[in-house]
Amino acid sequence: VVCRDGCIKAVGQADVIRNQFSGATFERIIDCSGKCVLPGLVDAHTHPVWAGDRVHEFAMKLAGASYMEIHQAGGGIHFTVEHTRKATEEELFNTFKHRLERMRRAGSTLVECKSGYGLNLETELKMLRVIERAKQSMDIGISSTYCGAHSVPKGKTATEATDDIINNHLPKLKELKLSGEIHVNNIDVFCEKGVFDLDSTRRILQAGKEIGLQINFHGDELHPMKSAELGAELGAQAISHLEEVSDEGIMAMARAKCAAVLLPTTAYMLRLKQPQARKMLEEGVIVALGSDFNPNAYCFSMPMVMHLACVNMKMSMNEALAAATINAAYALGKSDTHGSIETGKQGDLLIINSSRWEHLIYQFGGHEALIDYVIVKGKVIYQNERCGTTSSY
């Protein structure tokens, strides 16, 4: 039972609920006989605001080019930056809106959304305004992230870029937050060899924390950088990637209750070694999942991410579901309101056309026929047109 305020009023056996609410009137009743009701999925890491696709780079990767080789040849992040800078705010909003709609249809009800394809103050703010606009106008939860340190801008050193972010970008974000124009939740840095080193990363994250942003950053992806140890020390809410994390870093994250946002699509697309999900789980790390949707890993679907996590990272289906719901909500600092079906939490739900929820993971790429309803704050935001006409899977 979900109230008009969008929060879950009651959860329990059907007969108990019927007796408890026998005198109540409902705007809508959905018959879920033979179906499964799950928490809405949470995508803990995406880069969904950009212009100019990179389908040509996919062909380069298939021919053997590495991520950094493409990056050094003027491709990768810099290619997207160039196109995003040229795009109008309206163009960016329209493409972003369509991407969010596709994510919703795949069951995501809360999505972390980063800036980071501007690398200058003007374009980063343009991206953050687009994210803010979607927050206000669309029926989907958004956790917004300032990621101005996604790459070192052309013509600048990492130190110069760091100084620019600390002296110009972050004070402007603080000003816009105080005026109510833009509300940013997280700060992100790409801590990587040849991008932002450990010292620059520390400076930016610390400055972001001082203006009230949660630390949630890229670390230990292509090279071991001791990012996990740094994140644990700074009180980071989450660190993403972690393909090259050290054993000490894993233990530090477990002690600090810092979530690991693992991105099976990235390791799959870039043919990297998989993150050590099993070791992290055994050490007590809070493991979350994200799609890493971006021009390099074009995946909207958290059910597909869960499937890859099970097959390639050896997670169980239960672990993958937890990682894509309550743990992903924790990685965004929202596990008190999102990520599980409990009284008092937000009524974000997924109804699938199967008597066993595992079909959502088992049917690789099959979510389009499986998902009957996606509900945000008790409101049906997506109903499958085939709903009620197909038999249960």
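I started with handedness: α9 passes α10 in a left-handed crossing. Left-handed means that the near helix is turned anticlockwise from the far one by less than a right angle; clockwise is right-handed. The contact takes in A228, E229 and A232 of α9, and E248, G249, A252, M253 and A256 of α10. I counted a contact as heavy atoms within 4.5 Å. By class, the contact residues are five nonpolar, one polar and two charged. Here Ala, Val, Leu, Ile, Met, Phe, Trp, Tyr, Cys and Pro are nonpolar, Asp, Glu, Lys and Arg are charged, and the others, Gly among them, are polar.

This is a predicted model: local features need pLDDT of at least 70, side-chain atom pairs need 80 or more, and totals for chains, interfaces and linings use all residues. Residues are numbered from 1 along each chain as its sequence is written, and side-chain values use heavy atoms, without hydrogens and water.

Next I looked up the geometry. The axes of α9 (residues 227–234) and α10 (residues 247–256) come within 8 Å and cross at roughly 20°. Axes are lines fitted to C-alpha atoms over the stretch in contact, with angles from 0 to 180 degrees between N-to-C directions. The two helices are therefore roughly parallel; the cut-off is under 35 degrees, with over 145 roughly antiparallel, 65 to 115 roughly perpendicular and the rest oblique. Helices are DSSP runs (H or I, at least four residues) and strands likewise (E, at least two), numbered from the N terminus.

Buried means under 20% relative accessible area, exposed over 50%, partly exposed in between (1.4 Å probe, protein chains only). The cover over the buried residues includes α8 (198–210), β6, β7 (238–241) and α10. Just after α9, G235 has a positive phi of about 75°.

I then checked N216, which is in strand β6 (residues 214–219). N216 is buried at 1% relative accessible area. A polar atom of its side chain lies 3.3 Å from the backbone oxygen of A331.

L119 has a phi of about 65° and sits in the loop between β3 (108–114) and α6 (121–137). L119 is buried at 4%. L242 has a phi near 65°, in the loop between β7 and α10. L242 is buried at 0%.

Definitions and conventions. A polar contact is a pair of N or O atoms within 3.5 Å; within protein, one must be able to donate a hydrogen and the other to accept it, and residues adjacent in sequence count only if both atoms are side-chain atoms.
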